Protein chains: 2
Amino acid sequence: MVKVDLSGALGFLDSAGPDYGAASLAHKALADGIWAGAEFTGWRQLPRRVQGEELKKIQTAAERIRDTSQVLVVVGIGGSYLGARAGIELIRPKNGPEVIFAGNGLSPDDLNDKIERLGDRDFSVNVVSKSGTTLEPAVAFRVFRGLLEKKYGAAAKKRIYATTDAARGVLKTIADDEGYETFVVPDDVGGRYSVLSAVGLLPLAAAGCDIQTLVGAAAEAMYDLDQRSAENPAWQYAAARNALYARGKTIELLASYEPSFRYMAEWWKQLFGESEGKNGVGIYPASVEYNADLHSMGQYIQEGPRTLMETVVSFERPLRDYEVPFSMGDADGLNYLAGRGLGEISRVAMEAVKAAHVAGGVPNIGISVPRRDEDGFAELVCFFETACAISGYMLGVNPFDQPGVEAYKKNMFRMLGKPGA
Amino acid sequence: MVKVDLSGALGFLDSAGPDYGAASLAHKALADGIWAGAEFTGWRQLPRRVQGEELKKIQTAAERIRDTSQVLVVVGIGGSYLGARAGIELIRPKNGPEVIFAGNGLSPDDLNDKIERLGDRDFSVNVVSKSGTTLEPAVAFRVFRGLLEKKYGAAAKKRIYATTDAARGVLKTIADDEGYETFVVPDDVGGRYSVLSAVGLLPLAAAGCDIQTLVGAAAEAMYDLDQRSAENPAWQYAAARNALYARGKTIELLASYEPSFRYMAEWWKQLFGESEGKNGVGIYPASVEYNADLHSMGQYIQEGPRTLMETVVSFERPLRDYEVPFSMGDADGLNYLAGRGLGEISRVAMEAVKAAHVAGGVPNIGISVPRRDEDGFAELVCFFETACAISGYMLGVNPFDQPGVEAYKKNMFRMLGKPGA
């Protein structure tokens, strides 16, 4: 279970503390489905819904991919790839096919590099798109489908897995016509909340993550996070960040001491940025990777404008510790650390940074799970999704729409001369 | 030469436009060495200083690394690694040894992963630290030096290259005692401005970048950027971003459409964040990677608080274009793009995004260089360094110190029980 530590934040709030009354109302509205966007709250049931038949289907497809492919090319953008990438990079499963994420940009240099990286290895493609009309993944799918057909001829279609709408859309039509195996992007789940559906689970399983464990942990976490109580970590986080925002902390830094957390932070940025950034409001979601960024952004955080809050995600235990070795002569003066684990040293560094930043005027919220494994990933996903929905409702926005994403697309399709645009 | 396009920004300023008078004064103070931090402005002469003997020494060492190693482990943090990593990832040279960057964190899981990635391949180590006492790289150097000694015995010292102070410090002492080949971190250049010294050039050359071309382009760029004129792109960028900051644009998004730009953005964040974030002022430096982040942060940028400005770095031509293929039957409806290069399509997308964001209230500054090669990298580095110094002086801070970085270190060394702390 996720633990939230507000000891570094309460001093920045008045004596009333975070507003759990408002969190309670927002949570009730979410559970009762009575506020804006209620038709997109199916993510709360995803772990339970996916258990059973669908999980088996995903696992079977993943096994086929692992048996036949050295590379899996996942084609998708935004919510159609960030969750899977976050999980794979956090958990870092061994011995699976390499996963190359494509279709999230239009750079020809980058596409050429990806094709070169693929080389002549055996590969499969998982294309993830609700509609099939989003330009970036559609172009990439056309390219990688062509490469598959050139390499495998008629057998190419057995190497394509389409995760798309259950009934409608360009990609669904192509998949049915060609006979691709299909998986469903549920109608009641927005892209940024979809990682615990086939959208995220198929790439995660193909890469070698244990999705049975992952989904089980998620079902348990969703149950726990549904409890209406000031002990609920989602309430604590949602209420604290809103209270800090109201006191002028307009930028939230999501920090971690694990480099493998990087894409979790990208996933979190979409989750919170897209859910809350509308109507001229919303905390700006940024991320930093410690210790590295203590030596780049550390100066700004310590002494720049006092508009930052810092949320630190940590893991209680490393997967495997590493002891600082002893050195004869102690030329570098590090023998005072010899024999101590980096896990403990890193934890001391984290406490030292917290003390320095809080003293410098940056409130600190701590979030922790036991380990960076399937359980930890599932718990963080469920926690952040639930907290985000509650937080958005507390802020007075619909945390499930994204009307602003259309503006550039309209311009782009018109300028490219798309028929009908 | 870098081009700056302010057409998407001027509409957000009053009719007087950017304050080139202030830019001129700041530039004069920089050139005359009369304001705070003048003793750390040696970076302006680095490209000329390094040409000749030192460049040859770096190239010779790089050749030896390439001849003897499948992996180069670069040990450094902050300014001791970000510039090299930025250049290597942007230019993506082929056929060199893999470069693993270590010593920028304390995570045992991450260290174990790096050692596993190294495997039993032949490797060398380039340790980069002015003093040798910064904890993160010092620990990593002890570990990788141990691995080298275990693998190569007495010959290990021939595989260690130390980039450090010319005369003093723990690392210099060790290097002299052990007989490592050494390179100099100049006294008059701060870490974040050091990429065009041996700090950046040795890893760049070892990875396969043409540093002769790179340094030549940098020398030319520094000359051009020294011209005191409103045509100077560094004036234009420095003056525009300060004017926008004064009008409430407190967050600057550095955007690029090239995923290979990612570590350039990290380098830029340190350069500007550490130079300007002090005394309670400074624009918050953030980064986004398009098109991917149009589908994650796009909503916030389009409709969140109007406190953002956007600076877009682009490359005029791809290294090699990619044509959208034709598809029989046009099931995905993309044949209107068939035969067109992604380079052009990507450029149209960039214009469409600019129009949407400007219309939505986000000022846009365009920065472009011809290509993402050695010339482009050198030009961007010189441009951003010069602009940062001028911008910091315009803001009224010393852009060459970083007093806030010590706070966490003091806590950490005390809590770890370092002798004398």
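Q: How much area is buried between chain B and chain A, and what share do carbon and sulfur atoms give?

A: In this predicted model, about 9,200 Å² is buried between chain B and chain A, and carbon and sulfur atoms give 60% of that area. On the side of chain B, the residues losing the most area to chain A are R142(B), Y284(B) and H295(B), which together make up 10% of what that side buries.

Q: How many residues of each chain are in contact?

A: Chain B puts 111 residues in contact with 111 residues of chain A.

Q: How many salt bridges does the rule find across the interface of chain B and chain A?

A: The rule finds 16 salt bridges between the two chains. One of them joins D110(A) to R92(B), with the closest N and O atoms 3.3 Å apart. There are also 49 residue pairs in polar contact across this interface, both residues being at pLDDT 80 or more.

Q: Which helix gives the most to the side of chain B that touches chain A?

A: Look at helix α13 of chain B, residues 342-359, which gives 11 residues. By class, that side of chain B has 57 nonpolar, 27 polar and 27 charged residues.

Q: In what sense do β4 and β5(B) pair?

A: Strand β4 of chain B, residues 123-128, pairs with β5(B) in the parallel sense over four bridges. For an example to find on screen, N126(B) has Y161(B) as its bridge partner in β5(B).

Key: Residues are numbered from 1 along each chain as its sequence is written. Chains are lettered from A and ligands numbered from 1 in the order in which they are written. This is a predicted model: local features need pLDDT of at least 70, side-chain atom pairs count only at pLDDT 80 or more; totals for chains, interfaces and linings use all residues. Side-chain values use heavy atoms; hydrogens and water are left out. Contact means heavy atoms within 4.5 Å. Buried area is the accessible area (1.4 Å probe) that two parts lose on being put together, summed over both. A salt bridge is a side-chain nitrogen of Lys or Arg within 4 Å of a carboxyl oxygen of Asp or Glu. A polar contact is a pair of N or O atoms within 3.5 Å; within protein, one must be able to donate a hydrogen and the other to accept it, and residues adjacent in sequence count only if both atoms are side-chain atoms. Helices (H or I, at least four residues) and strands (E, at least two) are DSSP runs, numbered from the N terminus. Ala, Val, Leu, Ile, Met, Phe, Trp, Tyr, Cys and Pro count as nonpolar, Asp, Glu, Lys and Arg as charged, and the others, Gly among them, as polar. Two strands pair if DSSP finds at least two bridges between them.
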